[in-house]
Amino acid sequence: MLDTWHEGTAVDVLSTHMDPPTASPLFGDHVPLNALGEDGRNAFLSIAGQPEGANLTIIELRQLGGAFAEPGPAGGAVDHLDAQFGCFGVGILLGGNPEAVVREQLDALRLALRPWTNEFTIPSFVERFGAPEKSFGPATAARVEMTRRRIDPSGIFAGDVSTAVV
């Protein structure tokens, strides 16, 4: 665990999460979660720091809820995130970390957290386009499509994960 909290400039935001400054060979997954409670925390810890997650370089919970969960009056087509946490896992594909092993461990993480999994995904965090996901309920999907038709009438961005319903 690291405590990297400090005051900084706008430029410091780029290094806040300590991501590499250049592209890296990695494979990841995310899943929004409802409130975890003790059983949910134990399920998360059953993968994080254990052999089942040994090839995952990062496994984290990102706090959502609060203001993220409150619809904003001027929030646009997607005006809130209906989840308490976002679980994010990544495996860097270097050395003995083949993609198949990382995928297997990400599947184990998803399976362990299934009872707390939110019904929807957060489009900007989608890493695995083949995972069962949907981004929006019918009302939000309709607002997204209305905005898409107005801004992207030729459909350049059609078919992305924001409209996927599985």
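Predicted model: local features only at pLDDT ≥ 70, side-chain atom pairs only at ≥ 80, totals over all residues.
The strands are considered before the spaces around them. Strands of a sheet pair through backbone hydrogen bonds, in either a parallel or an antiparallel sense. In the present model, 3 strands form an open sheet, arranged in the order E1-E3-E2 with antiparallel pairing. Strands E1 and E2 stand at the edges and have a single partner strand each, so one side of each is left without a neighbour in the sheet. From one strand to the next, the twist averages 15 degrees. The antiparallel pairing of E1 with E3 extends over 8 bridges. Within this part of the sheet, Gly 28 has Val 90 of E3 as its bridge partner. Helix H2 lies across E1, E2 and E3, and its direction makes an angle of about 10 degrees with E1.

The structure holds 1 cavity of 30 Å³ or more, and the space in the largest cavity amounts to about 50 Å³. Its lining consists of Asp 29, His 30, Val 31, Cys 87, Phe 88, Gly 89, Leu 106, Leu 109 and Arg 110. Two or more residues of this lining are given by each of strand E1 (26-33), strand E3 (85-92) and helix H2 (99-112). By class, the residues lining the largest cavity comprise 5 nonpolar, 2 polar and 2 charged.

The largest pocket has a volume of about 1100 Å³. A total of 29 residues line this pocket, and those nearest its centre are Thr 16, His 17, Met 18, Ile 58 and Glu 60. Strand E2 (58-63) and strand E3 each supply at least two residues of the pocket lining. The largest share comes from E2, with 6 residues. Strand E2 is one of the edge strands of the sheet, whereas strand E3 stands between E1 and E2 in the strand order. The lining of the largest pocket divides into 13 nonpolar, 11 polar and 5 charged residues.

Note on methods
Residues numbered from 1 in each chain as written. Heavy atoms only, no water. 1 Å grid on protein atoms, 1.4 Å probe; cavity = no way out; pocket = protein on both sides within 12 Å on 5 of 7 lines; lining within 4 Å. Points joined across faces, edges and corners; volume = space filled by probe spheres on them. Helix = DSSP H or I, 4+ residues; strand = E, 2+ residues; numbered from the N terminus. Nonpolar A, V, L, I, M, F, W, Y, C, P; charged D, E, K, R; others polar. Pairing = 2+ DSSP bridges. Axes fitted to C-alpha atoms, helices over the stretch in contact; angles between N-to-C directions. Contact = heavy atoms within 4.5 Å.
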